[in-house]
Amino acid sequence: FSLIEIVIVVLIMGIIAAVAGPRMFDQATSAKKNATLQSLSVVRTAIEVYKSVNDAYPPDAGTLNLTLKPYLSGPFPVSQLGNAGNADVKSITTADAYTPAGPESWAYCVAEGAFLINLTGYSNY
């Protein structure tokens, strides 16, 4: 191969990488968001099943993962957003006036049974 042919091939590969790279990174972010929203839905369903069986919401955020264990098939879900790899749950007093903060991935309001993602921009989910 001549030097010009190699340069042309490298340029074409660079153009393909410039076009495909951002799309791949956007797909990874989208997949993490969808996985976290699915986990959120699973825990909310487990909370509602617990409430229907016990006539009350689970009593404590700190032991929520143990309390809901019989209602989940598998381990307590981990958030893929924000504090990824963290299944800790923060106790909050009200879901309406909640401002995400702290190292926990999730937030739980005992009074309302609300289960939220503890990350700015995701409190409406």
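1. Two strands count as paired if DSSP finds at least two bridges between them. In this predicted model, strand S1 and strand S2 (residues 106-109) are joined by four bridges and run parallel. Within that pair, Ser-91 stands opposite Tyr-108 in S2.

2. The sheet is open and has three strands in the order S1-S2-S3, with mixed pairing. Its edges are strand S1 (89-92) and strand S3 (114-117), each of which pairs on one side only. On average, neighbouring strands are turned by 25° against each other, direction ignored.

3. Helix H1 packs on this sheet, where S2 and S3 are the strands touched. The direction of H1 makes about 165° with that of S3.

4. Ser-39 belongs to helix H1, which covers residues 3-54. Is Ser-39 buried or exposed? Ser-39 has a relative accessible area of 15%, and buried means under 20%, so Ser-39 is classed as buried. Leaving aside residues up to four places away in sequence, Ser-39 touches Pro-77, Val-78 and Trp-106.

5. Ile-12 is also a residue of helix H1. The relative accessible area of Ile-12 is 46%. Partly exposed covers values between the buried limit of 20% and the exposed limit of 50%, so Ile-12 is partly exposed.

6. One distance can be checked directly in the model. Ile-12 and Ser-2 lie ten residues apart along the chain, and their C-alpha atoms are separated by 16 Å.

Methods:
Residues numbered from 1 in each chain as written. Predicted model: local features only at pLDDT ≥ 70, side-chain atom pairs only at ≥ 80, totals over all residues. Heavy atoms only, no water. Helix = DSSP H or I, 4+ residues; strand = E, 2+ residues; numbered from the N terminus. Buried < 20%, exposed > 50% of the residue type's maximum accessible area, 1.4 Å probe, protein only. Contact = heavy atoms within 4.5 Å. Axes fitted to C-alpha atoms, helices over the stretch in contact; angles between N-to-C directions.
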